[in-house]
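The following exercises concern a single protein model.

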Amino acid sequence: MAGNFYNVQCPDCENEQVVFGKASTEVSCAVCGVTLATPTGGKAEFEGEVLDVVENRTVEAE
Ligand SMILES: [Zn+2]
């Protein structure tokens, strides 16, 4: 089962971070620590602006 990654921009510091679309744990900004993604049981809910969708980002083929 493959999932997409999303390039999310932090609403506080504008850091761009790649977040797994089905994150099962809360994802924080690596720079300022604000929450970028919250797990909802399925697709994660993003707090920042999604700039880009990154498919199969150099991960092994499944
Ligand atoms: Zn930040």
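**Exercise 1. Locate cysteine 32 and determine whether cysteine 32 is buried or exposed.**

Step 1. Cysteine 32 lies in the loop between E3 and E4. Helices (H or I, at least four residues) and strands (E, at least two) are DSSP runs, numbered from the N terminus.

Step 2. The model is predicted: local features need pLDDT of at least 70, side-chain atom pairs count only at pLDDT 80 or more, and totals for chains, interfaces and linings use all residues. Residues are numbered from 1 along each chain as its sequence is written.

Step 3. Cysteine 32 is exposed, because 12 other C-beta atoms lie within 10 Å. A residue counts as buried if 20 or more other C-beta atoms lie within 10 Å of its own, as exposed if 12 or fewer, and as partly exposed in between, with C-beta atoms placed from the backbone.

Step 4. When neighbours within four places in sequence are left aside, cysteine 32 is in contact with Cys10, Asp12 and Cys13. Contact requires that the C-beta atoms of two residues, placed from the backbone, lie within 7 Å.

**Exercise 2. Describe the setting of cysteine 29, and state which residues the UniProt record lists for "binding site".**

Step 1. Cysteine 29 is found in the loop between strand E3 (27-28) and strand E4 (35-38).

Step 2. Cysteine 29 is buried, since 23 other C-beta atoms lie within 10 Å.

Step 3. Not counting residues up to four places away in sequence, cysteine 29 touches Cys10, Asp12, Cys13, Asn15, Gln17, Val34 and Leu36.

Step 4. The UniProt record, an unreviewed entry, lists Cys10, Cys13, Cys29 and Cys32 for "binding site". These residues are spread over 23 residues of sequence, yet they cluster in space, with a largest C-alpha distance of 8.8 Å. UniProt positions are given in the numbering used here, feature names are shortened, and annotations may be inferred rather than shown by experiment.

**Exercise 3. Which residues form the largest nonpolar core?**

Step 1. A nonpolar core is a set of buried Ala, Val, Leu, Ile, Met, Phe, Trp, Tyr and Cys residues joined through C-beta atoms within 7 Å.

Step 2. The largest such core has ten residues, namely Tyr6, Val8, Cys10, Val19, Ala23, Val27, Cys29, Leu36, Ala37 and Ala44. Strand E1 (5-9) and E4 are the elements that give two or more residues to this core.

Step 3. Valine 19 touches Phe5, Tyr6, Val8, Val27, Leu36, Ala37, Ala44 and Phe46, residues up to four places away in sequence not being counted.

Step 4. The covered face of E1 carries Tyr6 and Val8, whereas Phe5, Asn7 and Gln9 are on the uncovered one. In a regular strand the side chains alternate between the two faces of the sheet.

**Exercise 4. Characterise the position of glycine 3.**

Step 1. Glycine 3 is placed in the segment before E1.

Step 2. Glycine 3 is partly exposed, because 15 other C-beta atoms lie within 10 Å.

Step 3. Glycine 3 touches Phe20, Gly21 and Lys22, residues up to four places away in sequence being left out.

Step 4. The C-alpha atoms of glycine 3 and lysine 43 are separated by 9.5 Å, although these residues are 40 residues apart along the chain.
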